Amino acid sequence: VYTVDINENTYKNAQLYALTLLNNDQVMFAKLLCDRNGLIIHSNGFDINGSGILLAGKSGVGKSTLSGMLKVQGGKILCDDRMFITDRESDFWLHGNWCHGTVPDTSAGSVPLKAILFLEQSPENAIEEIHEKRQVTHQLLQSLVQPFLPPAGWDRTFDIIEALVRRVPCYRVKFDLSGHI
């Protein structure tokens, strides 16, 4: 599913011959994941010493900047644009994939998800746990790569999000882009 020999001109002219490009992740993979207790979140994912860390937030808040910093510190980037998450009964898992963004690193690896960090640009660096589950749910829904599903599929998606919020610690990370976080 990886695309090779692609350049800006080829991409702009839609001369792409792969099933997994453009919005196919919404059409196909989001549906497949939903059927397998999973989601696609617009986020960056890391393997830090066997622990999965998910960085979520709006475009431009510094996800790719922080990804580069974590990479320098020894974190393994699973992907920096869209993360596949599945529920394996006892743990949620992060799965690397080919949907990279600014940082072209990708991985076929998987790790147990240990924390979700919601990144916010700020004049200061700080981290605080989010205890309000409704707030976490709202932020996850904003980052969800929305699948094309019938109502029963959406019910399943909401159940997965509810379980994710209940079982995985979530934090607000204020980030000033200086590199001193």
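This is a predicted model: local features need pLDDT of at least 70, side-chain atom pairs count only at pLDDT 80 or more; totals for chains, interfaces and linings use all residues.

Visitor: How many salt bridges does a search of the whole structure find?
Guide: The search turns up 5 salt bridges. One of them is between the side chains of Arg167 and Asp87, at 2.8 Å from N to O.

Visitor: Where do Arg167 and Asp87 sit in the chain?
Guide: Arg167 belongs to helix α5 (residues 151–167) and Asp87 to strand β4 (residues 82–87). They are 80 residues apart, and the pair links distant parts of the chain.

Visitor: Is Asp87 buried or exposed?
Guide: Asp87 is buried, because its relative accessible area is 16% and the cut-off for buried is under 20%. Arg167 is partly exposed, at 32% relative accessibility.

Visitor: Okay, new one: what does Glu120 pair with?
Guide: Its side chain forms a salt bridge with Arg172, 3.1 Å from N to O. Glu120 is in strand β6 (residues 110–121) and Arg172 in strand β8 (residues 170–175), so this bridge ties together parts 52 residues apart in sequence. Arg172 is buried at 13%, while Glu120 is partly exposed at 27%.

Visitor: And what about Glu162 and Arg166, how are they placed in helix α5?
Guide: Those two are 4 residues apart in the helix, so about one helical turn separates them. Their side chains meet in a salt bridge too, at 3.9 Å from N to O. Arg166 is exposed at 55%, and Glu162 is partly exposed at 48%.

Visitor: Which residues do shared partners join into one network?
Guide: That would be Glu120, Glu128 and Arg172, joined by salt bridges that share partners.

Terms used
Residues are numbered from 1 along each chain as its sequence is written. Side-chain values use heavy atoms; hydrogens and water are left out. A salt bridge is a side-chain nitrogen of Lys or Arg within 4 Å of a carboxyl oxygen of Asp or Glu. Buried means under 20% relative accessible area, exposed over 50%, partly exposed in between (1.4 Å probe, protein chains only).
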